[in-house]
Structures are given as structure tokens and as C-alpha cells.
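Thanks for making time this morning.

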Amino acid sequence: MSKRIWLRVTLLEMDLSAVRNNFPGCEIITETDDAIGTAQLQRIDGVFTEEALPDSLVQQMPNLQWLHVTRGGVNTYLTPAVKARPIQVTGSKGIHGAVFSEFALACILALVKKLPECVEAQKQKKWQKLVPVEIEGMTLGIIGLGTAGSELARKAKALGMRIVATKRPAAPKPDYVDELGTPDFLPRLLAESDFAVLLLASVPSTFNIIGENELRIMKRSAYLINLTGGRAIEEALLVRALKEGWIAGAALDAFARQPLPENSELWNLPNVIITPRIAGITSQKWPALLPIFTENLRRFIAGEPLQNLVDKELGY
């Protein structure tokens, strides 16, 4: 039976042609939200999307059986309309390890080598001698040893760092990690870390995982780097911790409010690096994303179990 698949993404023409050639029995739809008609929406079986589907669109797709998304973390796609129906949701887990790990290392090195201070001094045309430090021998705490966390651990270990990490559920400790524990290990991880990196799925079970007690456990010389858990810590609490010197500073790419409003105090804190949700972005995403989508499209057509299938209650 022919399947009607809406590609709600912008593919290169050669990639679009390849999808059509490889799945000649599928009707591939590429219209934008504004251009697609009600009659087309009513016939759609599957959607490949980069942005969350508004519930108003989902409600117009009575035949929708499968939603595939470009991200590994899918919580933002699990809208009430998607959760209320037996729509299979699949993600692109496992392809973002390199970009997230490199970004985390860039943040670590920028902080220890005083690059933000150098940039600020350059703006003022000020020849300011600073004292960079070495990361070799420092402790890196990774909160969430998934694909990205594992890649970061490998690279940081090669630079001579000590690696401690948490993972849910419990798992054997890899050679490149010095100590690995379940979420109960978090207080000790925070107390020992010079850098604590949040690489958690943004799901309800991780909301507010870092509270006042956790921040006060950290060394005053330590840095918090948040790349994925926008709701893992309350903004007002983090501002207070940074202003009062509970920790030395932070590098933030994930926020509860996105874009970060202009009135946020975080913008004006001298000990904070803010980036606009770019840690997981790469200019080479489609070579990694398309094989996951096309394999799942093959399985969807054949009625086989889909890969990276999401538990919609857990959010991952």
C-alpha cells in the first residue's frame, strides 16, 4: 500500500531526489505549512520534521501514524495531540555526539584560558595580562553519559582529565571514565568536579535536577556548563549562584526561556558565556540524519519495528 510522507524539512535537491527514487511507491509531499492543503493533510501517513508539529496540524491528519524528528531529544515534539493518539515517534539519537562534545570542550578551554576576558580587554584596547590554567589533572563531571557524554569523556580523558559521570540506568563503567554512578552519585560528582557538564535529555524527570543544595556543593572555583537541560536549573537560582560566587562561572547553551529574553540578568553577568542553542548544530547534518530517516521509512512501509522509538510517557 502506498504511503504518503510529508517532508517538513528542507532537503538538498539531490537528497530529495534520492528519497523519491529509493521509495517510488511513496507519495512524497514537500509543501510548507502555509501551502499544504486540507485534503493533503487528511491523507498523510508519516511526517519527517525539524520543528514540532502544531496540534492544529496534527488534528487535521487523521491518518498520521508516524512522526520522525531530526533531534535526539524529542520532548518538545510530544505535544498533547501527539501523545493522545497512537502515533509512533522516532528520533535521531546517536548522531550528535561529536558536535556536543566538541562544543563542551570549546567551553572548557575558553574558560580556563581566559578567552572571554581577552575578548573584553580587546574591545577596550587594553593590554591585560591574565593567568590561564591547564585542564590536565582537573576533574570533569558529566551529568548524563549518553552518546554525547561518552564522546566528551573520551576526548577529555585524552587531554589528561579525570572523568566522573552519571548514567541512568546503571551500566558498566567504560575504560575512559574513572567513576560512574547512577543519579544518586550526583552530589559527589558535583563536589569533586572542576567542570560539571549537563548532557541530559530535557524531560520532566530532569527538570530542576540542579537546585540550591547541588550548587552549594560545588567548588567555588568550579564551572557549570549546560548544553541540553534548559529546565534542569531555575534561571533565578543560577543568577543568584553566579552573582554571589557559589561557583566561578557558567557556559550556557540551553535555557528554560528560548530565545533568552533581553531582560534576563544572565546577559550582563561577567562570568557567563551565553550561546544561542548552537551546541548541537552542524553544517553536515543531513549525511547523518538521512540514513536514520530512510531506514525507518523502509521499516514503516514494511510494517517492521522502528528504530529509536520513543516512549511518549518518559519522553525518550
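Predicted model: local features only at pLDDT ≥ 70, side-chain atom pairs only at ≥ 80, totals over all residues.

**The cavity and its surroundings**

Lining the largest cavity are Asn226, Gly230, Ile233, Glu235, Leu238, Leu252, Ala254, Phe255, Ala256 and Leu266, where a cavity is a set of points on a 1 Å grid over the protein atoms alone at which a 1.4 Å probe fits but cannot get out, and a lining residue has an atom within 4 Å of a point. Residues are numbered from 1 along each chain as its sequence is written, and side-chain values use heavy atoms, with hydrogens and water left out.

The structure holds one cavity of 30 Å³ or more, and the largest cavity contains about 90 Å³ of space, a volume being the space filled by probe spheres set on grid points that are joined across faces, edges and corners. Its lining divides into seven nonpolar residues, two polar and one charged; here Ala, Val, Leu, Ile, Met, Phe, Trp, Tyr, Cys and Pro count as nonpolar, Asp, Glu, Lys and Arg as charged, and the others, Gly among them, as polar.

Two of the lining residues, Glu235 and Leu238, bring us to helix H10, residues 235-244, whose buried residues are Glu235, Leu237, Leu238, Val239, Ala241 and Leu242. Buried means under 20% relative accessible area, exposed over 50%, and partly exposed in between, with a 1.4 Å probe and protein chains only, while helices (H or I, at least four residues) and strands (E, at least two) are DSSP runs numbered from the N terminus. The cover over the buried residues of H10 includes helix H9 (212-217), strand E10 (223-226), E11 and E12, counting as contact any heavy atoms within 4.5 Å. After H10 comes glycine 245, with a positive phi near 80°.

Now to the backbone. Most residues other than glycine have a negative phi, and most peptide bonds are trans. Against that background, the peptide bond from arginine 168 to proline 169 is cis, with omega near -5°, and proline 169 sits in the loop between strand E7 (162-166) and strand E8 (179-181). The bond from glutamine 258 to proline 259 is also cis, with omega near -5°, in this case with proline 259 in the loop between strand E11 (249-252) and strand E12 (272-274).

Lysine 114, in the loop between helix H5 (97-112) and helix H6 (115-123), has a positive phi near 60°. Arginine 277 likewise has a positive phi, of about 60°, and is found in the loop between E12 and helix H11 (285-302); it counts as partly exposed because its relative accessibility is 34%.

Is threonine 70 buried or exposed? At 5% relative accessibility, threonine 70 counts as buried, and, leaving aside residues up to four places away in sequence, the residues it touches include Val9, Phe48, Tyr77, His96 and Trp286.

Finally, the whole chain. It has eleven helices and twelve strands, and 47% of its 316 residues count as buried. Among contacts between residues at least 6 apart in sequence, 59% join residues at least 24 apart. The C-alpha trace spans about 65 × 45 × 35 Å along its principal axes.

Key: 1 Å grid on protein atoms, 1.4 Å probe; cavity = no way out; pocket = protein on both sides within 12 Å on 5 of 7 lines; lining within 4 Å.
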